[in-house]
Amino acid sequence: MKIYLDGKFVEERDAKVSVFDHGLLYGDGVFEGIRAYNGRVFKLKEHVKRLFNSARAIMLSIPATGEEVEKIVLKTLRVNKLKNGYVRLVVTRGIGDLGLDPLKCKVPTIFCIADKIQLYPPGYYQKGLEIVIVSTRRVMPEALNPCIKSLNYLNNILAKIEANRAGVPEAIMLNSEGYVAECTGDNIFIIKGRTLLTPPTWAGALDGITRQTVMELAQKKLRLDVREDLMTPYHLYVADECFLTGTAAEAIPVTRVDTRIIGDGNPGRITLKLMKEFHRLTETTGVAI
Ligand code: PXG
């Protein structure tokens, strides 16, 4: 596997960053997880835009233009001969000293990894996921805005550990006020009648690209009433349908929350339609590698 690292492609064993890199020492950096389907990169521009927005929010200036970064993603897939895969694009503050001052970091580190995608077992898509609400709260926007896709995932990892301990694959995190925010690497949706609901970003959700795509499909193709609104655990329990979205998971049904059965316990009819529309889009659109 060849890795893009600071302007060059290097072998995996040579793809090393310094122990003085503030991405490692302080989680000071931003990233994107991007997917390629059938020789095309899905929503490439949107991912690169979000990377630049995350970087701007933490005052990290990426030493490349958006177009250049798009080319890095495409080339990383090309040199690894991947038509379907997962891309991890990372920009860190760079090498500094043993103090957290970012002014000591003169040059950001950029790397891009393209690998085969690790998929959830197909059974999860057919039967739906069982998930739980965990006690770890989503970090509050006043401390670190969850719209910033930063290298600080400890909050999410603590939630994932709680899910592991409960024996389920995902965790729902509430915000500090007790409203539903999102999962550890996925956004959450419910369906009630003909309404599709998801928490607003200001309630602690990442502005997910899959989330945005599914909201558009729901409105345009399924003519659903799409709303961003606050949601309590009660709203999840009494929803007709529930599903998660994310680049890795795509759209995946949820059939149990906190041991309560959602709807009739099977993946919802509208969820299945949305999954089909989403797949149609991933298979037919995107930037050619
Ligand atoms: N919330 C959080 C906290 C995320 O990290 C999403 C929602 C979904 O956003 P997108 O834009 O992907 O629809 C994410 C995405 C990984 C991995 O390796 C994580 C994400 C994406 C891809 C891979 O765990 N996070």
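Reply: Two strands pair if DSSP finds at least two bridges between them. Strands (E, at least two residues) and helices (H or I, at least four) are DSSP runs, numbered from the N terminus. The model is predicted: local features need pLDDT of at least 70, side-chain atom pairs count only at pLDDT 80 or more, and totals for chains, interfaces and linings use all residues. Residues are numbered from 1 along each chain as its sequence is written, and side-chain values use heavy atoms, without hydrogens and water.

Me: Which residue of β13 is the bridge partner of N187?
Reply: Strand β10 covers residues 187–192. Five bridges join β10 to β13 (residues 241–246), and the two run antiparallel. In β13, the partner of N187 is T245.

Me: Which residue in β11 stands opposite I190?
Reply: β10 and β11 form a hairpin with two residues between them, and G193 in the turn has a positive phi of about 65°. Three bridges join the antiparallel strands β10 and β11. Opposite I190 stands L197.

Me: How many residues of β10 are buried?
Reply: Buried means under 20% relative accessible area (1.4 Å probe, protein chains only). β10 is mostly covered. Of its six residues, the buried ones number five.

Me: Which elements give two or more residues to the lining of the largest cavity?
Reply: A cavity is a set of points on a 1 Å grid over the protein atoms alone where a 1.4 Å probe fits but cannot get out; lining residues have an atom within 4 Å of a point. R35, Y37, I209 and T210 are among the lining residues of the largest cavity. The elements are β3 (29–37) and α6 (209–220).

Terms used. 1 Å grid on protein atoms, 1.4 Å probe; cavity = no way out; pocket = protein on both sides within 12 Å on 5 of 7 lines; lining within 4 Å. Buried < 20%, exposed > 50% of the residue type's maximum accessible area, 1.4 Å probe, protein only.
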